[in-house]
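Trainee: I would like to learn how to read a model like this one, feature by feature. Could we go through it together?

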Amino acid sequence: MTGAEAKTLRERLGLSQLDIASRLPRKKKGGFGIEKKTYNHWESSSLPVNDDVQALLVHYRDSLEAQAKHSCDIAKGMRAEGKPIEAVHLFRYKNDHALQAAHPEMQGLPTSFHAAILMRTQALLRENGFEAMIIWADE
C-alpha cells in the first residue's frame, strides 16, 4: 500500500492521522502510539507504508464493510419474513460521547468513523431496494 493509498483509505474511513498513529504499536518502547509526524511521513512518502499501518487500515476498512453488511442483512431478513419496511433509519450521533454511550464497542473511535459506516450502510441498503435515511439519534 502506497502512502497515497493509505491516506485515501484513512480519509474514506473518516479517521485522522492521530486516530491511526495512536493505535499503532511502538516497536522499541512497547505499547501503542507513535508520533503523528512519523505517520505523516509514511503517508507522504512514495515508498510502501509500514506493515502495521496497512494492517490497521485494512482492519478498519473490513470492520466498516462487515458492519454495513450486517445491518443490510438484518433489513433483508426482515423483508424475507414478510415484515413491512417503509424506510430504514440509521442513527447519527452528534459527538463522540453520545456515540460511545450508545455503542460502547466503538470506544475510542470518532463519530466520523461511525459516519463512514452509516454512509456505506445507506448505500448497501439502497442497492438492495430499501429507502434509507440517516437521522440524528436524539430526534
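**Reading burial, packing and cores**

Mentor: Happy to! Glutamine 100 counts as buried because its relative accessibility is 17%, and the cut-off for that label is under 20%. Keep in mind throughout that this is a predicted model.

Trainee: Where does glutamine 100 sit, and which residues does glutamine 100 touch?

Mentor: Glutamine 100 lies in helix α5, which spans residues 96-102. Setting aside residues up to four places away in sequence, glutamine 100 touches Met106, Gln107, Gly108 and Leu109.

Trainee: And histidine 114: buried or exposed?

Mentor: Histidine 114 has 8% relative accessibility, so histidine 114 counts as buried. Histidine 114 belongs to helix α6. Beyond its neighbours within four places in sequence, histidine 114 is in contact with Phe91, Tyr93, Leu99 and Met106. Met106 is therefore a name to remember, as glutamine 100 touches Met106 and histidine 114 is in contact with Met106 too, while both residues count as buried.

Trainee: Let me step back to the whole chain. How many helices and strands are there, and in what order do the elements run?

Mentor: The protein has six helices and two strands. Starting at the N terminus, the order is α-α-α-α-β-α-α-β. For overall dimensions, take a box along the principal axes: the C-alpha atoms fill roughly 55 × 30 × 20 Å. Of the 139 residues, 35% count as buried.

Trainee: What share of the contacts joins residues 24 or more positions apart?

Mentor: Among contacts with a separation of 6 or more, 61% are between residues 24 or more positions apart.

Trainee: Now for helix pairs. How do α4 and α6 cross, and which hand does the crossing have?

Mentor: For any pair, look at the axis distance, the angle, the hand and then the residues that meet. The axes of α4 (residues 51-80) and α6 (residues 111-127) come within 9 Å and cross at roughly 45°, so the two helices are oblique to each other. Their crossing is right-handed. On the α4 side, the residues that meet α6 are Tyr60, Leu64, Glu65, Gln67, Ala68, Lys69, Ser71, Cys72 and Ala75. Their partners in α6 are Phe113, Ala116, Ile117, Arg120, Thr121, Leu124 and Leu125. By class, this contact of α4 with α6 has 10 nonpolar, three polar and three charged residues.

Trainee: What about α1 and α4?

Mentor: α1 and α4 pack at about 35°, with axes 10 Å apart, and their crossing is left-handed. Ala6, Leu9, Arg10 and Arg12 of α1 make the contact with Leu57, Val58, Arg61, Leu64 and Glu65 of α4.

Trainee: Finally, how should I think about a nonpolar core?

Mentor: The general idea is that nonpolar side chains tend to be buried together in soluble globular proteins. Here the largest nonpolar core has 23 residues, and Leu13, Ile20, Leu24, Tyr39, Leu57, Tyr60 and Phe113 touch the most other members. At least two residues of this core come from each of α1 (3-12), α2 (17-21), α3 (36-44), α4 and α6. α4 gives the largest share, five residues.

Trainee: Which residues belong to the second, separate core?

Mentor: That second core has 10 residues, including Cys72, Val88, Leu90 and Leu118. Cys72 is also one of the α4 residues that meet α6.

Note on methods. Residues are numbered from 1 along each chain as its sequence is written. This is a predicted model: local features need pLDDT of at least 70, side-chain atom pairs count only at pLDDT 80 or more; totals for chains, interfaces and linings use all residues. Side-chain values use heavy atoms; hydrogens and water are left out. Axes are lines fitted to C-alpha atoms, for helices over the stretch in contact, and angles run from 0 to 180 degrees between N-to-C directions. Helices (H or I, at least four residues) and strands (E, at least two) are DSSP runs, numbered from the N terminus. Angles under 35 degrees count as roughly parallel, over 145 as roughly antiparallel, 65 to 115 as roughly perpendicular and the rest as oblique. A crossing is left-handed if the near helix is turned anticlockwise from the far one by less than a right angle, and right-handed if clockwise. Contact means heavy atoms within 4.5 Å. Ala, Val, Leu, Ile, Met, Phe, Trp, Tyr, Cys and Pro count as nonpolar, Asp, Glu, Lys and Arg as charged, and the others, Gly among them, as polar. A nonpolar core is a set of buried Ala, Val, Leu, Ile, Met, Phe, Trp, Tyr and Cys residues joined through side-chain atoms within 4.5 Å. Buried means under 20% relative accessible area, exposed over 50%, partly exposed in between (1.4 Å probe, protein chains only).
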